[in-house]
Amino acid sequence: MKKIYYLSTCSTCKKIMDSLNLDGFELQDIKSEPITKEQLKEMKELSGSYEALFSRRAKLYQEKGLKDVDLQEKDFEQYILEHYTFLKRPVIISNDEIFIGSSPKTKAALQEKFGK
């Protein structure tokens, strides 16, 4: 399976995706087509945890005061399913590999594997 979970209004997602060869990838805009519990479970199995998929940069993270809460795996799962902004983006899955977010290390790995 080759799939990209992204946000169409996110300029960082667009910039990353524009730099890659996306032939054969299925695209899912998580705002217009929310991720399912099954899709999130699949991402978790590849990444090792829900926390790895969770974005602490989301505005709602600050607004809800979550930095002062001791979040557990079930909490990360719940928040990601509750609102798309809590998913670290983009999430790119290629068979059994997963690339999460926009860190320099992740972008370099994506360029090496899928760069134009």
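Me: Which side chains meet in a salt bridge of 2.6 Å, N to O?

Reply: A salt bridge is a side-chain nitrogen of Lys or Arg within 4 Å of a carboxyl oxygen of Asp or Glu. Here the side chains of Lys 113 and Glu 97 meet in one. The pair links distant parts of the chain, with Lys 113 in helix α5 and Glu 97 in strand β4 (residues 97-100), 16 residues apart. Helices (H or I, at least four residues) and strands (E, at least two) are DSSP runs, numbered from the N terminus. This is a predicted model, in which local features need pLDDT of at least 70 and side-chain atom pairs count only at pLDDT 80 or more, while totals for chains, interfaces and linings use all residues. Residues are numbered from 1 along each chain as its sequence is written, and side-chain values use heavy atoms, with hydrogens and water left out.

Me: How many salt bridges are there by this rule?

Reply: The count comes to 7. Among them is the bridge between Glu 82 and Lys 64, at 3.4 Å, N to O. Glu 82 is in helix α4 (residues 73-82), and Lys 64 is in the loop between α3 (59-63) and α4.

Me: Is Glu 82 buried, partly exposed or exposed?

Reply: Buried means under 20% relative accessible area, exposed over 50%, and partly exposed in between (1.4 Å probe, protein chains only). Glu 82 has a relative accessible area of 44%, so it is partly exposed. Lys 64, at 39%, is partly exposed.

Me: How is a pair of aromatic rings described?

Reply: By the distance of the centres and the angle of the planes. Rings of Phe, Tyr and Trp (its six-membered ring) pair if their centres lie within 6.5 Å; planes under 30 degrees apart count as stacked, over 60 as edge-to-face and the rest as tilted. This structure holds 6 aromatic pairs. The rings of Phe 25 and Phe 114 have centres 5.3 Å apart and planes at 85 degrees, so this pair is edge-to-face. Phe 25 is buried at 11% relative accessibility, and Phe 114 is buried at 10%.

Me: What does Ile 93 touch, not counting residues up to four places away in sequence?

Reply: Contact means heavy atoms within 4.5 Å. Ile 93 touches several residues, including Lys 2, Phe 25 and Leu 46. Ile 93 lies in strand β3 (residues 91-94) and is buried, with a relative accessible area of 0%. Ile 93 and Lys 2 are 91 residues apart in sequence, yet 5.5 Å apart in space, C-alpha to C-alpha.
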